[in-house]
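Work through the exercises below with the model open. Try each task before you read its solution.

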There are 2 protein chains.
Amino acid sequence: MQPILIYDTTLRDGTQGENITFTADEKLKIAKRLDEMGIQYIEGGWPGSNPRDMRFFELAKRETFANARITAFGSTRKPGIRAADDPNLNAILDSETPAAAIFGKTWPLHVTAVMENTLTENLAMIADSVAFLKERGREVIYDAEHFFDGYKDDPDYALKTLMAAFDAGADFIVLCDTNGGTLPHELESIMQSVRQALKPQTGGSRPLKLGIHSHNDCGMAAANSISAVNCGAVMVHGTINGYGERCGNADLTTIIPILCAKMNRPCIPAEKLSGLKSISRYVSETANIVPINSRPFVGRSAFAHKGGIHVSAIIKEPRAYEHMDPEQVGNQRRVLMSDLAGKSNVEYKAKEMGVDLCANGCDSKAIVAAIKQMEEEGYQFDVADGSFQIMLEKFTEQFKPLFDLESFRVTIEKDKDFPCSAHATIKISVGDSHEITAAEGLGPVSALDNALRKALGNFYPDLDTMKLVDFKVRVVDGRDGTEAKVRVFIESRDQDQIWSTIGVSEDIIEASWQALADSFQFKLAKEAARKNQESPGVHAGNEQPPAPVSCNL
Amino acid sequence: MQPILIYDTTLRDGTQGENITFTADEKLKIAKRLDEMGIQYIEGGWPGSNPRDMRFFELAKRETFANARITAFGSTRKPGIRAADDPNLNAILDSETPAAAIFGKTWPLHVTAVMENTLTENLAMIADSVAFLKERGREVIYDAEHFFDGYKDDPDYALKTLMAAFDAGADFIVLCDTNGGTLPHELESIMQSVRQALKPQTGGSRPLKLGIHSHNDCGMAAANSISAVNCGAVMVHGTINGYGERCGNADLTTIIPILCAKMNRPCIPAEKLSGLKSISRYVSETANIVPINSRPFVGRSAFAHKGGIHVSAIIKEPRAYEHMDPEQVGNQRRVLMSDLAGKSNVEYKAKEMGVDLCANGCDSKAIVAAIKQMEEEGYQFDVADGSFQIMLEKFTEQFKPLFDLESFRVTIEKDKDFPCSAHATIKISVGDSHEITAAEGLGPVSALDNALRKALGNFYPDLDTMKLVDFKVRVVDGRDGTEAKVRVFIESRDQDQIWSTIGVSEDIIEASWQALADSFQFKLAKEAARKNQESPGVHAGNEQPPAPVSCNL
């Protein structure tokens, strides 16, 4: 079977979604994850439209991507100018990406009523822009915006726009259902007509390679993508979790497993499919968007069984109520009353962290059950490796606290329109020594962080290298009748590592404290382990200057 | 065109979804709403399986339904007994519904491996059960469970089960994709084969009426339903919002507008379509499930535009980026503010909010520039319409503060492993009056919220109906060398609206305060405007009991 190329536009069209924004750094991290998954094209942004996207391409230039071609997006040239004079096309060139995607108009409504352009000039804009980028060595993906609406309105003109791009050398012609109003049976009939009509004109040495870019306004984005593949499309555009404007883009976390596991169409390497749930979560966490539990394949409920009949049947025969093995996509079966799953994950993870689950006569089954219970309460250990390790150590009685809290008090004051002020007093003990101290901060967590840092500094000078880099808060499960909880997630780093910790409580400061205390404990334990490994006579100084501390919370 | 019958199973299959439960009373209220929409069949529950469902049918007996046939659900008789002796079938009769739905096994895997039954007895169970209910005057809907999986495995046997039901008098034969693993092209090919195979046997006076019941495990439930209609199905099963086990059932809020507005297939009365968003929200509110913003047709983002190009285009021509008029389904266009947006978004949004950008001699260009600057600093107005409106009022000197902060002080204390405690003291002024008060809370923001609510309560009793429903915090990308900032986002609601506010500061409490103060200001301004519209002598009391306040931050 001919392979299907996956073209990810999470970083560009995905960020058109309500509430979805990524910093340039976050975009780069997501791009690296997509590349690891074996996705073939990553559309990084529209460099001509905003500085953030330009910065992403600057960062991307310094990186190596093993599988993916990074792609810069833009429009065809403006009317009435040469392609070489168009700032938008030049911004694409400046991005120095191997591939470029440009979109052009298909629909006379857009060309004339919206853009106030002529149909002839629009064709020239498409041809010139494609040719300009081809001459400069780019692989060109041509996005025929509003293709299906345009075709319904004026099929001849719609085909002319495609031929303008093809004749100018476009490598892929992508049919876009920009407004998301096309139904699969319409799409199939139009795609068949298109292939028929273009056959005589594209029968030369260069094949016509079609792609599909669909939106989910009718809930049909994934179905339309699959229909297009059945009609000969070789490239599928989409986003992780279907993020995108209005109802979103085609969801790659749905399309990839269907192609790989249901239709036997090679797309990403088969062994990468088990990373699907993980990348879905990574992107939703980075965007700080609550993941949809019912999302096909990767959602928390996707393989969750509630009905008693279903549960007893799947115990006998999983196929009875599961259309596929959840582990194929990195997900797991959940039985909503008595959770049986996850033991192997926990054991695997514990081994990886060097924690012996059966140490001190502990029962690994009881530990797994306790973890499940904590996850029910809102902990999420897949994004908090630091806290997970500490918790495993606590459960197995291997935890060695490097400091203890005696008490703290944080006060925040505000007068009229003046900014808030915050200060914290903290008392800790390290072994038999006590330390009480106070500090200000730009907020309560910052004051607490500064006070703790100051108190610990007398005992542990290595703390200077540690820095809080991210802090996220989310309300978990706010159903009426029960108290909502707050989940605080902290990412910290020093010169050689990044680690994440988590706290869950009804109180944001309590939750922050848990995450903060875990983060310091993790750092101190790491330094202690490092010193134990060094030969006794040699002391490792800080070779790098300490990073500036900024926890403004 | 032949009409399509809509069969709603929100009250039965919908409640198999994780976190979805309804009381018998709630079920009845939902049933009344479905009936008002003109939905033809409402499956109320499985009376043989639990007392709550039995109670629903007791309540439903006393009600009149103008359009819908209430339907009781159950399985075929148990193996080896007479239908008349089966408690489950008798419970259906006791429900006294005009229609009954029974499911039977299609797939030999289930018949033999799971149920340890024989294929012959399974056919007898189907025939006996259908005949039993038909003889007692019920309209019978036969659900062929796992039809597509069964057909792939053993087409002859699968067809035999359908014929057993048909010959016994079933009025509808519903093909179920129980595990949700079937793709539209497979479904179409199987349905064509089924129709072909059954034609000779069902060519008599009674036509074969097929239905479709699909699940969303491959994200294809709506597409499969539409494909089935294209292959001749005359009944579509689904749930409001697609609630249901695992990834849910086919979503009627997607299927109904497609049938009505896109395919011209009569289903519910055309004039009822504009109630679609309202019923979607009613069901999600009753289930207390946060609605999915990106849900096709009815989601909050379904007609939300972010990109500047899109916004300037829809102002000229809505069809440019909208596949249908949002008002057709009771939804509305929204223009989101963001750094991707341009001047046209701001002007559009201001107009929508009734704020005159040019009032008091203000320069709308300068306002747009100021908004861009705030977005650079971390504000994100596409998710904070409440704060956006207040900010526009401030820029144009139309802002009327309904309270002023004099000062606050928040203290959080923790001792060893005991939980944190938080309390806040606040002093505000309303006109010439001052109020100082204090409150505790489950965290600093909660304490502040409680104190402010208490202080304002003396002046504004309407605050009781307001509730904080979401709270999110994130650190926003500080450029190197500057302090990182914190963005706090608060979503609030009352009985008829949801609004969002935002605060940005280096201090989390300062940012929370901004968002909190905006949220209260928005609510109070709304109530003031409402009272101005009411005739002086009539005071609108709160008809609903106040919602519990839960802001545990």
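## Exercises on a predicted model

**Exercise 1.** Describe the chain over residues 4-274 of chain A, then find what UniProt lists there.

Solution. Start with the secondary structure: over residues 4-274 of chain A, the chain is 42% helix and 17% strand. Next, take the ends: their C-alpha atoms are 18 Å apart. Last, turn to the record: an unreviewed UniProt entry lists these residues as "domain: Pyruvate carboxyltransferase".

**Exercise 2.** Into which domains is chain A divided?

Solution. Go along the chain. Domain 1 covers 5-287, domain 2 covers 303-341 and domain 3 covers 404-533. Then take the C-alpha centres: those of domain 1 and domain 3 of chain A lie 44 Å apart.

**Exercise 3.** Judge the confidence of this predicted model.

Solution. Begin with the whole of chain A: its mean pLDDT is 88, and 91% of its residues reach 70 or more. Over residues 337-341 of chain A the pLDDT is below 50. Residues 535-553 of chain A also have a pLDDT below 50. For the complex, the predictor gives an ipTM of 0.75 and a pTM of 0.75.

**Exercise 4.** Which strand gives the most to the side of chain A that touches chain B?

Solution. First, the contacts: 96 residues of chain A meet 98 residues of chain B. Strand E11 (residues 404-415) of chain A gives the most to that side, with 11 residues. Next, sort the side of chain A by residue type: 41 nonpolar, 28 polar and 27 charged. Finally, check the pairing. E11(A) and E11(B) run antiparallel, joined by 9 bridges. In one of them, A:Val410 has B:Ile412 as its bridge partner.

Technical notes
Residues numbered from 1 in each chain as written. Chains lettered and ligands numbered in written order. Predicted model: local features only at pLDDT ≥ 70, side-chain atom pairs only at ≥ 80, totals over all residues. Domains from an automatic or database assignment. pLDDT = per-residue confidence, 0-100. Contact = placed C-beta atoms within 7 Å. UniProt positions renumbered as here; feature names shortened; annotations may be inferred. Helix = DSSP H or I, 4+ residues; strand = E, 2+ residues; numbered from the N terminus. Nonpolar A, V, L, I, M, F, W, Y, C, P; charged D, E, K, R; others polar. Pairing = 2+ DSSP bridges.
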